[in-house]
Amino acid sequence: TVWLTFFGGAFSALSPNYAILLFLRFTAAFGIGGMLPVDYTVFLEFLPKEERGSNIVMVDAIGVVPALTLSAIIAWYFSGSEQVQWRWVLAISSIPVGIMAVLRRHVPESPRYHLARGDTGLAQSVVQQVADMNETDLPDDWKLLPQTQTSALTDVESTKRKKGEYVQMNQQDGHQPYQDDLEAPEEAVDNEVIPDVIGQDECEEEVEAAGDCGHSFAQLLQGEKMRATTWRLWLLYFLVQFSSSGMVFALPKLFDESFPGKTERDIALDLLIGVVGLIPGLAIAYVAVEKSRKKSLAAFFFAAGLTVLFLGGAFVKMNSQMWAIVFSIVLRGAMEGCFAILNTTAVESYPTVLRASGLGTAQIFDHLAGSISPVIFGILNGHQATKTWVFFFYAGAYILGMLPALTLPSDYAGQAVADF
């Protein structure tokens with residue numbers, strides 16, 4: 001998916017006509033759609049529960065801040081010219097993706113993923129590889145145990161499913177049991193008495209009754225807790241992207257219409273200044289996410305909604321360019337904090353066997369909202385009587401997001417994630 005994104009972006013710069021350009025942009029977007037869920041999933045599965053949220057927010061910052069800053073600089077540099085050098089813009093923008101595609105080859109597969117598939121040997125070799133890279137010694141004679149789908153057995157600390165079989169499980173805060181650690185009694189390490197991970201054809205009756213066999217889309221909506229989590233995440237992604245893409249699309253138009261006499265280059269500079277807000281916004285998210293996923297997410301949604309209202313006041317009531325820039329800076333930080341904490345929450349909410357699928361499905365609603373929102377802005381902004389509705393519309397969507405954020409079934413701050 002990373003290579004698809006790179007080739008789609010790079011070859012767009014060489015497009016001989018609009019039809020091929022459209023196809024290549026579709027290819028790049030297709031790659032991005034598959035790349036982001038996998039990136040967050042792989043990174044999470046290497047992290048301990050301590051400061052896991054902060055690390056995911058940091059990765060978000062490392063990707064977003066340079067990307068949006070570079071994009072804003074390119075837009076400012078090329079703006080105002082009679083013939084926009086769009087081929088150069090596309091070519092330059094694709095360079096970081098190409099670098100990432102090369103580096104991605106050196107990222108090992110997640111041990112959790114290998115264990116969930118029953119590949120204990122591969123999981124063990126990845127752990128050893130990571131330990132060697134970090135110059136860390138693993139315990140002597142350590143072993144990774146095969147994982148089993150035993151989420152129906154909710155009240156046991158350990159269970160024997162066959163003679164001599166020993167499976168360690170852990171259960172915290174009502175989460176599904178998962179195998180978290182390394183060592184088993186010596187007699188349990190014999191390959192003859194430890195079975196492979198239970199597959200669909202081998203699920204025992206009590207596991208089948210719990211609906212835990214198979215890794216289908218339907219599992220995202222199975223069980224009260226999973227269903228409650230999934231639809232809330234879908235709604236949150238829709239609301240945050242609906243408001244964020246709408247405001248990002250609206251800002252150049254609002255600066256142009258509210259302050260006559262500004263050139264395209266002046267407006268591009270105002271937007272570039274707004275990107276500064278990413279740094280304090282993500283810095284606050286880095287700290288807040290470890291206190292509570294749910295509360296920090298709701299707080300950022302509220303801050304973004306309130307800022308949109310203030311921004312509307314700066315454009316409509318005050319007609320102040322200075323305050324419009326100030327509130328655009330604040331809004332940039334608030335909206336990116338929403339995305340960073342929401343990505344953290346979503347990737348933690350699903351077990352390993354569903355994690356990438358769950359996050360990817362949620363982001364369908366993100367992209368759907370991103371397609372709809374600019375159209376709605378165009379309709380509202382096209383009529384004098386409805387111009388001011390834009391701000392109430394987007395602010396309301398942000399503030400509405402507080403409800404599903406606060407009512408998510410679980411807050412994973414300091415908690416372990418599940419594998420099945």
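Helices (H or I, at least four residues) are DSSP runs, numbered from the N terminus. The model is predicted: local features need pLDDT of at least 70 and side-chain atom pairs pLDDT 80 or more, whereas totals for chains, interfaces and linings use all residues. Residues are numbered from 1 along each chain as its sequence is written, and side-chain values use heavy atoms, leaving out hydrogens and water.

**View A. Nonpolar patch on helices H11 and H14**. Phe 302, Leu 306, Leu 309, Phe 310, Phe 392 and Ile 399 make up a nonpolar surface patch with about 540 Å² of accessible area together (Shrake-Rupley method, 1.4 Å probe, only the protein chains shown counting as cover). Such a patch joins nonpolar side chains (Val, Leu, Ile, Met, Phe, Trp, Tyr) within 5 Å, from residues with over 30% relative accessible area and no salt bridge. Helix H11 (293–317) and helix H14 (389–400) each supply at least two of its residues, and H11 gives the most, with four. Leu 306, in helix H11, is partly exposed at a relative accessible area of 34% (buried is under 20%, exposed over 50%, partly exposed in between; 1.4 Å probe, protein chains only).

**View B. Edge-to-face pair of Trp 3 and Phe 6**. There are 17 aromatic pairs in the structure; rings of Phe, Tyr and Trp (its six-membered ring) pair if their centres lie within 6.5 Å, with planes under 30 degrees apart stacked, over 60 edge-to-face and the rest tilted. The rings of Trp 3 and Phe 6 are 5.9 Å apart centre to centre, with 75° between the planes. Both residues lie in helix H1 (residues 2–12), three residues apart, or about one helical turn. Ring pairs also link Trp 3 and Phe 6 with Phe 7 and Phe 11 into a cluster.

**View C. Stacked pair of Trp 234 and Phe 365**. The ring centres are 4.7 Å apart and the planes 20°. Trp 234 belongs to helix H8 (residues 224–258) and Phe 365 to helix H13 (residues 355–381), so the pair ties together parts 131 residues apart in sequence. Trp 234 is buried at 14% relative accessibility, and Phe 365 is partly exposed at 26%.

**View D. Salt bridge between Glu 348 and Arg 293**. A salt bridge is a side-chain nitrogen of Lys or Arg within 4 Å of a carboxyl oxygen of Asp or Glu; the count comes to seven. Here the closest N and O atoms are 2.7 Å apart. Glu 348 is in helix H12 (residues 321–349) and Arg 293 in helix H11, so the pair ties together parts 55 residues apart in sequence. Salt bridges with shared partners join Arg 52, Glu 290, Arg 293 and Glu 348 into one network.

How values were computed: Patches are made of residues with over 30% relative accessible area and no salt bridge: like charges are joined within 9 Å, nonpolar side chains (Val, Leu, Ile, Met, Phe, Trp, Tyr) within 5 Å.
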